[in-house]
Amino acid sequence: MKTTLLHIKNMVCPRCVEAVRHLLEQAGYKPTNVQLGQAQLDQATPVDPVAVAPLLREAGFDVLTGRAEQLTEQIKGCLIEYLEHLRTARMPLTTSAFLTDRFAATYSHLSKVFSRTANLTIEKYLIRLKIERVKEMLSYGELTLSEIADQMRYSSGQHLSNQFRQVTGRSVSEFRRELMPKRLALDELA
């Protein structure tokens with residue numbers, strides 16, 4: 001069965017996947033597989049990406065037509081998966097090994113495309129992702145800074161504190177004192 005593949009920007013979580021699936025089904029399309037950054041549609045319902053774009057844009061998504069943009073969005077989705085890998089794997093892979101395992105390209109190529117398209121290196125994007133996850137964990141108040149540092153694979157709580165200050169401009173203590181900490185949506189990071 002032939003299919004059409006749409007590359008979609010700003011899909012960052014399972015709720016985004018369900019939202020895109022729902023929007024496409026409401027428009028009369030038959031998505032056969034929807035995952036972070038892409039939707040596969042049954043060829044029986046031909047889709048014009050230009051026609052679908054306004055529908056998805058209203059919900060905060062965007063259809064990507066350029067190959068570099070598509071790859072960058074795929075890398076972002078993969079880095080979100082990598083965060084979970086870091087947290088749960090007994091011996092986590094390096095970022096480059098994780099990415100090259102999932103793409104048929106060298107890390108150098110992936111890094112160049114990402115930097116050119118996102119105006120940010122993969123490493124800096126990953127640091128921003130990690131800090132947003134740290135903010136989430138801090139807001140729950142369930143773990144100590146050392147436990148969070150351990151889960152996010154920082155060498156120490158001090159290393160995490162230093163990186164937190166570099167990215168946010170505030171200390172972890174200042175962040176904790178705020179009643180309503182401002183968090184960024186993951187799709188706003190780059």
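How many bridges join strand 1 to strand 4, and which way do the two run? Three bridges join strand 1 to strand 4 (residues 62-64), and the pair runs antiparallel. Heads-up: this is a predicted model, where local features need pLDDT of at least 70 and side-chain atom pairs count only at pLDDT 80 or more, while totals for chains, interfaces and linings use all residues. Residues are numbered from 1 along each chain as its sequence is written, and side-chain values use heavy atoms, with hydrogens and water left out.

- Four strands make an open sheet in the order 2-3-1-4, with antiparallel pairing; strands pair if DSSP finds at least two bridges between them.
- At the edges sit strand 2 (31-35) and strand 4, each pairing on one side only.
- From one strand to the next, the twist averages 30 degrees.
- Strands here are DSSP runs of E with at least two residues, helices are runs of H or I with at least four, and both are numbered from the N terminus.

**Strand 1 and its partners**

- Strand 1 (residues 3-9) and strand 3 (residues 38-42) run antiparallel and are joined by five bridges.
- Thr4 has Leu41 as its bridge partner in strand 3.
- Over in strand 4, Val63 is the bridge partner of Ile8.
- His7 is bridged to Gln38 of strand 3.

**Helices on the sheet**

- Helix 1 (residues 14-26) packs on the sheet and touches strand 1, strand 2 and strand 3; contact means heavy atoms within 4.5 Å.
- The direction of helix 1 makes about 155 degrees with that of strand 2; axes are lines fitted to C-alpha atoms, for helices over the stretch in contact, and angles run from 0 to 180 degrees between N-to-C directions.
- Helix 2 (residues 49-57) also packs on the sheet, touching strand 1 and strand 4, and its direction makes about 145 degrees with that of strand 4.

**Helix 6 against helix 8**

- The axes of helix 6 (residues 122-140) and helix 8 (residues 157-168) come within 10 Å and cross at roughly 105 degrees.
- That makes helix 6 roughly perpendicular to helix 8 (angles of 65 to 115 degrees count as such).
- Helix 6 brings Ile127, Ile131, Val134, Lys135 and Leu138 to the contact, and helix 8 brings Leu160, Gln163, Phe164, Val167 and Thr168.

**The nonpolar core**

- The largest nonpolar core has 55 residues, of which Val20, Ile75 and Leu99 touch the most other members.
- Such a core is a set of buried Ala, Val, Leu, Ile, Met, Phe, Trp, Tyr and Cys residues joined through side-chain atoms within 4.5 Å, with buried meaning under 20% relative accessible area (1.4 Å probe, protein chains only).
- Leaving out residues up to four places away in sequence, Leu99 touches Ile75, Cys78, Leu79, Tyr107, Leu110 and Ile122.

Conventions
Buried < 20%, exposed > 50% of the residue type's maximum accessible area, 1.4 Å probe, protein only. Parallel < 35°, antiparallel > 145°, perpendicular 65-115°, else oblique.
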